[in-house]
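Student: I have the structure open. Can we test each label against its cut-off?

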Amino acid sequence: MIFYFSGTGNTKWVAQQLADATGDKLYNIADEMRREPQHYVMNDGEPMGICFPTHGWQPPRIVREFIRRSTFTAKGYVYAVTTCGDNMGYAMRLLDKELKAKGLKTASRWAVVMPESNVCFSFLHLDTPEREAEKISKARETVRLIAESVRQQKAGVEELVKGAIPYTFTYVIGHYYNRHLITDEKFWVDTDACISCGLCQRLCPVDDIEGIPPHWKHDGSCTNCLACYHHCPQHAIHWGKMKRGQYFFNKRGDQK
């Protein structure tokens, strides 16, 4: 089993590559959260993977909530993979804490650097198309090596990109981000540009968007994955006062 969450498609691509290489079944965490709490059983020797994007140097809230509300019988190899724009701080440490509460422990852990999608901090910027292509090319090889390790069920592997000041990233800046910026209050729509396609509503993993033109429910469900922002074909959805670019995986093509 491979459980994954993805907003802009980076982590979905990584999880799909792993599933294709290992033959393991994919479970979309957003879809699983729409169901009643489940008990997941891994057979003897069956690996269990958790793939998630780093949001503000921490695991996304929806991933934490999924782990907390689910139960697992994992008798074999457990591993985790996170995607990040440049570094992931101590995000994996926080994931391990959630898994430990469920009696689980990752045997190996990886980070995969992918194109940047965070537009919520003024000091973060989207990558150029050239940088995107470079990151995806390197990620393809990284994921191939991860898949080989998973097939062999290698333990003790830790290939993470924590950054120069991981504690500050996760527990200071990341704490502020996840406490104050994980909200739908800052999204707004340019109604002159909106074409009422409804794509944002269909793509929202937590069903937080309704109506045409779209509006957010403000019910605390938003996980700030930015899928609505980045996928809008007219770039009619904005976040805060900043008007930045857009990115989602395959927007410029899966470079095979």
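Tutor: Start with the inventory. The chain holds 8 helices and 12 strands. Keep in mind that this is a predicted model.

Student: What makes the chain agree with a compact globule?

Tutor: The radius of gyration does. For 256 residues, a compact globule would have a value near 18 Å, and the chain has 18 Å, so the two agree. Along the principal axes, the C-alpha trace spans about 55 × 40 × 35 Å.

Student: How much of the chain counts as buried?

Tutor: Of its 256 residues, 52% do. The cut-off is under 20% relative accessible area. The accessible surface comes to about 11,900 Å², and carbon and sulfur atoms account for 49% of that. As for contacts with a separation of 6 or more, 78% are between residues 24 or more positions apart.

Student: What is the strand order in the open sheet of 6 strands?

Tutor: The order is S2-S1-S4-S6-S7-S8, and the pairing is parallel.

Student: Why do S2 and S8 stand at the edges?

Tutor: Count partners. S2 (26-28) and S8 (158-159) each have a single partner strand, so one side of each is left without a neighbour in the sheet.

Student: How do you know that S1 and S4 pair?

Tutor: Pairing needs at least two bridges. S1 (residues 2-4) and S4 (residues 48-53) are joined by 3 bridges, so they qualify, and they run parallel. Within this pair, Phe 3 stands opposite Ile 50 in S4.

Student: Which strands does helix H5 lie across?

Tutor: H5 (residues 129-152) lies across S6 (78-84) and S7 (108-113). The angle between H5 and S7 is about 165°.

Student: Why is H4 called largely enclosed?

Tutor: Because 7 of its 10 residues are buried. They are Ala 91, Met 92, Leu 94, Leu 95, Asp 96, Glu 98 and Leu 99. The cover includes S4, helix H3 (61-69), S6, S7 and helix H6 (166-181).

Student: Asp 96 lies in H4. Why does Asp 96 count as buried?

Tutor: Its relative accessibility is 18%. The limit is under 20%, so Asp 96 counts as buried. Leaving aside residues up to four places away in sequence, Asp 96 touches Thr 106 and Arg 109.

Student: Where is Asp 127, and is it buried or exposed?

Tutor: Asp 127 sits in the loop between S7 and H5. Its relative accessible area is 17%; that falls under 20%, so Asp 127 is buried.

Student: What makes the pairing of Asp 127 with Lys 135 a polar contact?

Tutor: Distance is one part of the test. The two side chains make their contact at 2.9 Å, and the limit is within 3.5 Å. The atoms must also be N or O, with one able to donate a hydrogen and the other to accept it. Asp 127 has a further polar neighbour: the backbone nitrogen of Glu 116 lies 2.8 Å from a polar atom of the Asp 127 side chain. Beyond four places in sequence, Asp 127 touches Met 114, Pro 115, Glu 116, Glu 132 and Lys 135.

Student: Why is Val 206 called partly exposed?

Tutor: Its relative accessibility is 21%. Buried needs under 20% and exposed needs over 50%, so Val 206 falls in between. Val 206 lies in the loop between helix H7 (199-203) and strand S10 (209-210).

Student: Which residues does Val 206 touch?

Tutor: Not counting residues up to four places away in sequence, Val 206 touches Arg 34, Ile 62, Ser 221, Cys 222 and Thr 223. Val 206 and Cys 225 are 19 residues apart in sequence, with 9.8 Å from C-alpha to C-alpha.

Key. Residues are numbered from 1 along each chain as its sequence is written. This is a predicted model: local features need pLDDT of at least 70, side-chain atom pairs count only at pLDDT 80 or more; totals for chains, interfaces and linings use all residues. Side-chain values use heavy atoms; hydrogens and water are left out. Helices (H or I, at least four residues) and strands (E, at least two) are DSSP runs, numbered from the N terminus. Contact means heavy atoms within 4.5 Å. Axes are lines fitted to C-alpha atoms, for helices over the stretch in contact, and angles run from 0 to 180 degrees between N-to-C directions. Buried means under 20% relative accessible area, exposed over 50%, partly exposed in between (1.4 Å probe, protein chains only). The radius of gyration is taken over C-alpha atoms; the globule rule is 2.2 Å times the number of residues to the power 0.38. Accessible areas come from the Shrake-Rupley method with a 1.4 Å probe; for residues, only the protein chains shown count as cover.
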